[in-house]
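Opening the notebook on a new model today.

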Amino acid sequence: MNLAPTAPRTLATRACASTPRFVHTARIAFAALALLLAVMAGSPQAHAQARPSKLVIGLLPGESAPTVMRLNEPLRAYLERKLGIPVELVVGANYAATGEALRFGRLDIAYLGPVTYILQSRRAKLEPFARPSHAVVGPTFQAVIIVPKDSPARTLKDLKGKEIAFGDPASTSGTWVPRYQLLEAGLVSERDYTLRVLGAHDAVALAVANHKVAAGGLSMPIYNRLLKEGKIDANAVRVLAESPAIPEYMWTFREGLPPAFKEEVRKAFTQVDDPAALAVFRAEAFIPGVDADVDRVRAWIEAIRKETPSAVPAP
């Protein structure tokens, strides 16, 4: 039987005895920290602050998708050079699809008409940042209501009881402004005329030229270009009425883009020095744009809503 005294446990001995437990606890803590950092790195908030490796631009299908892509190619090429990253153009299946894609982050920026912007901004924090400005008229454009050249109509009131063609349901100059013009003339859709949706400005012009409808509403710039390019016969149609000045389309950021990148894009637009990039917009320059720029259109939408509540979709 060993009766030798047992050596007392010193502080050093106790520390050594607890080392394995300390190491195990530390490993768990570091593992948890690493997992947390990985989750944060993969979160939308973290990605939102990273400079995108590609800029995805949404465009409205005011005309056929190939035409829209062709017309906007000079701008795409300019932005690619200026930003130093690939730039992709995406033409939506319809106006709502482009607005929704921007709202859900599938696009980085989009060129939205006032109505599309107003409807989508009720659901998301969209940020307008630039709009085209033109000689003489500034950042505005117009819509027209056209009729066949041999139409007996002389005023908008003469279209009562007729079938009138419009573009996309969310198109500012292809639907909403012509409807407002007709409303000002005392004509309410479905009460005083039949509204026929054709989806695009060129389709409206062709329907009128071919006597498929009594009249049609569309963008004046597109109407003039269709005449110039010979896509509709100048001897087949005429303008019955021109609209008031409409606030121009706005280039709009999606929510969540990093501020520094937004500033890069903003400068690329407002400092554009490539005439070819401006040509399709008939613009002298892009100038800053803000939400209040489209307040006039909000008033027109409200006037239509009062007469036809179902015309304005719920938020």
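**Entry 1: a loop aspartate**

Does D192 count as buried or exposed? I looked it up: D192 counts as buried because its relative accessibility is 7%, where buried means under 20% relative accessible area, exposed over 50%, and partly exposed in between (1.4 Å probe, protein chains only).

Before going on, the ground rules. This is a predicted model, so I note that local features need pLDDT of at least 70 and side-chain atom pairs count only at pLDDT 80 or more, while totals for chains, interfaces and linings use all residues. Residues are numbered from 1 along each chain as its sequence is written, and side-chain values use heavy atoms, with hydrogens and water left out.

Back to the aspartate. D192 sits in the loop between α6 (172-184) and β8 (194-199); helices (H or I, at least four residues) and strands (E, at least two) are DSSP runs, numbered from the N terminus. I then listed its contacts (heavy atoms within 4.5 Å). Skipping neighbours within four places in sequence, D192 touches L159, K160, G161, K162, G186 and L187.

**Entry 2: the whole chain**

I counted 11 helices and 13 strands. Of the 315 residues, 49% are buried. Among contacts with a separation of 6 or more, 79% are between residues 24 or more positions apart. The accessible surface is about 15,800 Å², and carbon and sulfur atoms hold 59% of that; the areas come from the Shrake-Rupley method with a 1.4 Å probe, and for residues only the protein chains shown count as cover.

**Entry 3: cores**

Next I checked nonpolar cores, meaning sets of buried Ala, Val, Leu, Ile, Met, Phe, Trp, Tyr and Cys residues joined through side-chain atoms within 4.5 Å. The largest has 61 residues, and L55, I57, L79, I109, W251 and F269 have the most contacts inside it. α3 contributes the most to this core, 5 residues. A separate core has 17 residues, including V144, L218, M220 and V237. As a reminder to myself, nonpolar side chains in soluble globular proteins tend to be buried together.

Beyond its neighbours within four places in sequence, I57 contacts L79, V87, E88, L89, V90, L107, I109 and W251.

**Entry 4: α3 and its bend**

Where does α3 bend? At N72, by about 50 degrees, and a proline, P74, follows within four residues. The bend is the angle between axes fitted to the seven residues ending at a residue and the seven starting there.

Buried positions in α3 are T67, V68, L71, N72, L75, R76, Y78, L79 and L83. They pack against β1, β2 (87-91), α8 (220-228), β12 (250-253), α9 (259-270) and α10 (275-279). After α3 comes G84, with a positive phi near 75 degrees.

I also checked E63, in the loop between β1 (55-59) and α3 (65-83). E63 counts as buried because its relative accessibility is 6%. Outside four places in sequence, E63 contacts V68, L71, A200, D202, I222, R225 and L226.

**Entry 5: α8**

I222, R225 and L226 from that list turn up again here: the buried residues of α8 are M220, P221, I222, Y223, R225 and L226. The buried residues of α8 pack against α3, β5 (140-141), β6 (143-148), α7 (201-209), β9 (215-219) and β10 (237-242). Just after α8, G230 has a positive phi of about 75 degrees.

**Entry 6: α5 against α11**

α5 (114-121) and α11 (295-307) pack at about 80 degrees, axes 10 Å apart. So α5 is roughly perpendicular to α11. P114, V115, Y117, I118 and S121 in α5 meet V297, R298 and I301 in α11. Of the 8 residues in α5, 7 are buried.

H211, in the loop between α7 and β9, has phi near 60 degrees. H211 counts as partly exposed at 48% relative accessibility. R282, between α10 and β13 (285-287), has phi near 55 degrees and is partly exposed at 41%.

Terms used:
Axes fitted to C-alpha atoms, helices over the stretch in contact; angles between N-to-C directions. Parallel < 35°, antiparallel > 145°, perpendicular 65-115°, else oblique.
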